[in-house]
Amino acid sequence: LIALLLPAIQAAREAARRSQCTNNLKQIGLAIASYETTMKHYPPGRKGCDNISTGPCNGDPPQVRCGTSAFVLILPYLELNSLYKNVDQKTGLFCAGYPPPMTPQNQFVVRQRPPVFVCPSDTARPFYDNSGGAMLTNWGDVATSSYAMVAGTKGPDGYGVSGDMKVYNTGIFVYKRKILRREIVDGVSLTIFVGEVIDGHTGESFCAWTYGNRYHSFRYTTNPINTRPGDPSSIYTVSNGVKMNGAFGSRHRGGCNFVFGDGHAVFLSENIDLEVYQAVSTRDWRIRYREENNYREPTNIDLDL
């Protein structure tokens, strides 16, 4: 009897965990929408730049090249304003150049792990493991997250230089730039904003909700859903001695949850056609089309397809 009941009990528990994960993403999606309504633009995926000098990053002094993520910026819209007020805006979070440890005020913030950023099915440890590709040794404990922003299609496949990936990607969340709603030509109800990730405590898949950084709290649709971190058969780049493929994935069987720009959350199958998956990750599918077709404008036939 126990052998018969156990699978059913486990399935019911997983269904409840997946439902809670969906609710988390809905809250995050609605918070992003509320931010846009108030500020008239979407939050930048990363508030400042790192060491690149591409486009809007050119000439920025070190003190404004900080890695405060969009998740931090939407805290007031998640009823977490008290936590947001603890951010020391004068010094910022994760500033470029790896300065001495953060102020105690900011260290307190990056150690917090609000439940809305954690999927109940996620098995990631609460804090980043510095032994797996040491990145944040000067910043102490950094809490992990189960969710990452969608930066677009320009991932670790050599598709453009790093500045293109960071500033001129095809999705909503990039470094410094504030995307406007009118730039989402495909429509917010057809564009994914945030999705799930796994193993956020590891170097291959580090994900901290406070840290806006490529391959980590931004992800790409270059690889299919549920491509495992460090998978040698995936498209990846090597940084700090680890393979990072920037893929979305979950501990739910068969796919993972995403939230679209209008706040509705959907479970996307890991078997989704890669071209469709990449199309819903862009704010304007024609951007990718032009780049893949030597900047030829799509014809009426292409549009029908």
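Biologist: How many bridges join β1 to strand β3 (residues 218-220)?

Modeller: The model is predicted, so local features need pLDDT of at least 70 and side-chain atom pairs count only at pLDDT 80 or more, while totals for chains, interfaces and linings use all residues. Residues are numbered from 1 along each chain as its sequence is written, and side-chain values use heavy atoms, without hydrogens or water. Strands are DSSP runs of E with at least two residues, numbered from the N terminus, and two of them pair if DSSP finds at least two bridges between them. β1 and β3 run parallel, and the bridges joining them number 3.

Biologist: In which sense do β1 and strand β2 (residues 192-196) pair?

Modeller: A148 stands opposite G195 in β2. Over 3 bridges, the sense of the β1 and β2 pairing is antiparallel.

Biologist: Which are the edge strands of the open sheet of 5 strands?

Modeller: Pairing in this sheet is mixed, and the order is β3-β1-β2-β6-β7. Two strands pair on one side only, which makes the edge strands β3 and β7 (265-269).

Biologist: How many residues of strand β1 (residues 147-152) are buried?

Modeller: Buried means under 20% relative accessible area, with exposed over 50% and partly exposed in between, for a 1.4 Å probe and protein chains only. Strand β1 is mostly covered, and its buried residues number 6 of 6.

Definitions and conventions. Helix = DSSP H or I, 4+ residues; strand = E, 2+ residues; numbered from the N terminus.
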